[in-house]
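This report is for a reader meeting the structure for the first time.

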Amino acid sequence: PFLLLPILWVGIGVTVGFVAVRLAGVKDTGMRRVSVAACAFGNSTGLPIVLLTTVAQAGLAGADHLVAVQRYVTCLSIYLCTYPVLQWGIATWLLTS
């Protein structure tokens, strides 16, 4: 699931960005693309780190604390390997097209 989570997260961000630009009535193409990119990639790195750290410290994994931390660090590593591919692919396309 953590391999697909960046795709879902960025997809939701792009959708929210397009809706926000539409509702705001932004006419300039460059500003629309920058706004969509800002919505898509705003919290995509920091938020998972905070969430997984909190869940690991709260002991919600049902395992030993060290096992839970190792499990979440592994999941976070998978997430953070997939995310830059999307960031440099989609964001570059949004900002240069």
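## Cysteines

C39 is partly exposed, because its relative accessibility is 36%. This comes from a predicted model, as does everything that follows.

C75, by contrast, is buried, because its relative accessible area is 17% and the cut-off for buried is under 20%. The cysteine sulfur closest to that of C75 belongs to C81, and the two sulfurs are 12 Å apart, which is too far for a bond. A disulfide requires two cysteine sulfur atoms within 2.5 Å, and by this rule the model has zero disulfides.

## V69

V69 lies in helix α4, which covers residues 65-96. Its relative accessibility is 30%, so V69 is classed as partly exposed.

Between V69 and F18 there are 51 residues along the chain, counted as the separation in sequence, and their C-alpha atoms are 36 Å apart.

## Helices α1 and α4

Helix α1 spans residues 5-24, and its axis comes within 8 Å of the axis of α4. The two axes cross at roughly 40 degrees, and α1 and α4 are therefore oblique to each other. Their crossing is right-handed.

On the α1 side, the contact is made by L5, P6, I7, W9 and V10. On the α4 side, Y79, T82, Y83, L86 and I90 take part. By residue class, the contact of α1 with α4 consists of nine nonpolar residues and one polar residue, with no charged residue.

How values were computed
Residues numbered from 1 in each chain as written. Predicted model: local features only at pLDDT ≥ 70, side-chain atom pairs only at ≥ 80, totals over all residues. Heavy atoms only, no water. Buried < 20%, exposed > 50% of the residue type's maximum accessible area, 1.4 Å probe, protein only. Helix = DSSP H or I, 4+ residues; strand = E, 2+ residues; numbered from the N terminus. Axes fitted to C-alpha atoms, helices over the stretch in contact; angles between N-to-C directions. Parallel < 35°, antiparallel > 145°, perpendicular 65-115°, else oblique. Left-handed = near helix turned anticlockwise from the far one by under 90°. Contact = heavy atoms within 4.5 Å. Nonpolar A, V, L, I, M, F, W, Y, C, P; charged D, E, K, R; others polar.
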